[in-house]
Amino acid sequence: MERIQRGEKIEATDWMPEEYRKLLLKLIHMHGVSEIMGAFPEKEWVPKAPTLKRKLAIMAKVQDEVGHGQLLLRVAEDLAAPLGKTREDLIEDLIEGRVKFHNVFHMESPTWADAGVIGWLVDGAAIVNQAALLSTSYGPYARVLKRICAEESFHMQHGENIILALAGGTQMQRQMLQEAVNRWWESLLFFFGPVEVTPAARRMLDYKIRTKTNEELRQQFLNKYVPRIRSLGLTIPDRDLSYDEKEGRWNFTPPDWEKFGEIVKRNRGPKSVERIGLRRFAHEEQRWVREAMVRSRELQSV
């Protein structure tokens, strides 16, 4: 704790309390699988993108998201090994519903505007969250996040480019964009988690795994994006959304915590079963590749 208070980074080879290890693993495991599952809503638009340029851009973004999952699971793997878990176990936890992934990736993306909103607002929310983790006390996580945040900023600009094109387009395109914002707004508020600081969240703050509360991050997101959304002539679907000058914070209609909690805990979102099924299919179909690579390494070491 003295090292953490001095701002030193804890490394994978350092001794650490089991509580610290498990809290880190829980956070990074969820982050890693969320990156992988986050590729699916936009993957659906690779064959349906309106132009070749858009197709290439969103294909590159999907590839980046899966790459982020790979990097994060490598960090999680080091933490999991002393607890008797492998990277294979970490992926199987996702397939079998033993680990959660972010609520936004359980949702539908029925129009091209949804692809834009995901890039602009969902990735924007992720950047707010991940940038706050750059000062985390765990060194390997902080170093991986530096690269991920840099790439996510490009993803946000990719989404913003789609949004600006639609906002400056026909009435039908603007309506499609407004409907997408309406669809995603409540999910975006839930994305940051509950207002109250849970005991686990408090311990993460004590260990400086995290440095900001959920509500601090949500307020940071609202500060940044509410003016931007309104500047495009779009309406935010919350009549109670207002800024309290005295308190220096946004008031908003809380998301349906129970509904989204069920979606995340029990995989009961509109696309949960389908996307987990696709992940399971990919995992099983490519098992022979993983086994061949392991066997090749074993032979090389003989």
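**Salt bridges, pair by pair**

Biologist: How many salt bridges are there in this predicted model?

Modeller: Happy to start there! The model is predicted, and a pair counts when a side-chain nitrogen of Lys or Arg lies within 4 Å of a carboxyl oxygen of Asp or Glu. By this rule, the number of salt bridges is 27.

Biologist: Which helix holds both R218 and E215?

Modeller: Their side chains meet in a salt bridge of 2.8 Å, N to O. R218 is buried at 0% relative accessible area, and E215 is buried at 10%. The two residues are 3 apart, about one helical turn, and the helix that holds them is α10 (residues 214-231).

Biologist: What is the N to O distance in the salt bridge of R3 and E8?

Modeller: Here R3 is partly exposed, with 31% relative accessible area, and E8 is partly exposed at 30%. Their side chains meet in a salt bridge, and the N to O distance is 2.9 Å.

Biologist: Which residues are linked with E88 in a network of salt bridges?

Modeller: Nice one to finish on. This network contains Glu and Arg residues. Linked with E88 by salt bridges are E92, E284, R287 and R290.

Note on methods. Residues are numbered from 1 along each chain as its sequence is written. This is a predicted model: local features need pLDDT of at least 70, side-chain atom pairs count only at pLDDT 80 or more; totals for chains, interfaces and linings use all residues. Side-chain values use heavy atoms; hydrogens and water are left out. Buried means under 20% relative accessible area, exposed over 50%, partly exposed in between (1.4 Å probe, protein chains only). Helices (H or I, at least four residues) and strands (E, at least two) are DSSP runs, numbered from the N terminus.
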